[in-house]
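Keep the sequence and the 3D view open while reading.

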Amino acid sequence: YDNPVLDTEDKIKQAVASFTGTLREQKVFNKWVIAEGKVFDKIPTIKSMEGLVIREIGIGVDYGSVNPTTFVPVAICFRQSDRRWVLVRLKCYYHDSKKENDNPTTEFYSFQLKMFILYLKDQYPNIPITDLVIDSEASHFDNRLTVDNIEHSLSRKGEGSVDTGVQHLQSLFYKEVMYVLDTPSIRYFLPDGHYQEDTVDRGLLELEGYQYDRIRSAKMGTNCYKKELDHTIDAQRYIIRMFVDTGRCPVV
């Protein structure tokens, strides 16, 4: 109510109505209450990139030797219909070694990442891939990429970074600054550059199924999240954080 931008009763009502449940208590009224259930109640999706002019693409990577490894590209786009800058999560790579019944190495994933970059360059010619951010805890993969001359940077982590990143994603979705291109994810690339596609968008499924951990939240006194199928979400957080730190994504 003390926000000078919300200078009419209608604007205040619209701000209050923009969130529901515990998110409203936390984000609008600045109260901390234990959140439960789904984290992302609103996920704007699109089926094509029509009407969007891509300026650049960044890639977030979550590496797992046992868990799935994901490459998540996020495009900074200019939407011509309303002349707004928006973010779009593009088609992602999602390799689940348990599902594929294989035992991939860092060399395998380095090759897969090369193929994925070439795929993006083929799909979006003349669009620069400006950033590649990987999990800072994936030291073996970091070394492999360095040996293979794949330029990259490490994700920034710290106390509360997960909650901060997830809440930012929530706001980007709620305020329709960020969209998800709903398209089946890539399972793996073949040596000739062709790829095997999944039947669904694994990244979108993770977003739809992501949940709060009510028990841990009560113990810790802060928002905690279930560590189940959060691989593309982590990768998405890494690249969005890079965009924020370099002034290319608003904090909303």
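## A buried helix

In α9, the buried residues are H231, T232, I233, D234, A235, Q236, R237, Y238, I239, I240, M242 and F243. The model is predicted. Twelve of the 15 residues of α9 are buried, so the rest of the structure largely encloses this helix. The buried set includes the charged side chains of D234 and R237.

Does the length of α9 agree or disagree with its residue count? Helix α9 covers residues 231-245. At 1.5 Å a residue, its 15 residues should span 21 Å, and the end C-alpha atoms are 22 Å apart, which agrees. Just after α9, G247 takes a positive phi of about 75°.

Most residues other than glycine have a negative phi. R83 and N149 are worth a look against that background. R83 is not a glycine, yet its phi is positive, at about 55°. N149 is not a glycine either, and its phi is about 60°.

Where do these two residues sit? R83 lies in the loop between β3 (69-79) and β4 (84-89). N149 is in the loop between α5 (139-147) and β7 (153-154).

Are R83 and N149 buried or exposed? Exposed means over 50% relative accessible area. R83 has 63% relative accessibility, so it counts as exposed. N149 has a relative accessible area of 70% and is exposed too.

| Residue | Phi | Relative accessible area |
|---|---|---|
| R83 | about 55° | 63% |
| N149 | about 60° | 70% |

## The whole chain

The secondary structure comes to nine helices and ten strands. The radius of gyration is 19 Å, close to the 18 Å that the globule rule gives for 252 residues, so the chain is as compact as a globular protein of that length. Along its principal axes, the C-alpha trace spans about 60 × 45 × 35 Å.

Buried residues make up 48% of the 252 residues. Among contacts with a separation of 6 or more, 66% come from residues 24 or more positions apart.

What does the surface consist of? The chain exposes about 13100 Å², and carbon and sulfur atoms supply 50% of that area. The chain carries 32 positive and 37 negative side chains. The centres of the two sets lie 3 Å apart.

Key. Residues are numbered from 1 along each chain as its sequence is written. This is a predicted model: local features need pLDDT of at least 70, side-chain atom pairs count only at pLDDT 80 or more; totals for chains, interfaces and linings use all residues. Side-chain values use heavy atoms; hydrogens and water are left out. Helices (H or I, at least four residues) and strands (E, at least two) are DSSP runs, numbered from the N terminus. The radius of gyration is taken over C-alpha atoms; the globule rule is 2.2 Å times the number of residues to the power 0.38. Buried means under 20% relative accessible area, exposed over 50%, partly exposed in between (1.4 Å probe, protein chains only). Contact means heavy atoms within 4.5 Å. Accessible areas come from the Shrake-Rupley method with a 1.4 Å probe; for residues, only the protein chains shown count as cover. The place of a charge is taken as NZ of Lys, CZ of Arg, CG of Asp or CD of Glu. The expected span of a helix is 1.5 Å times one less than its number of residues.
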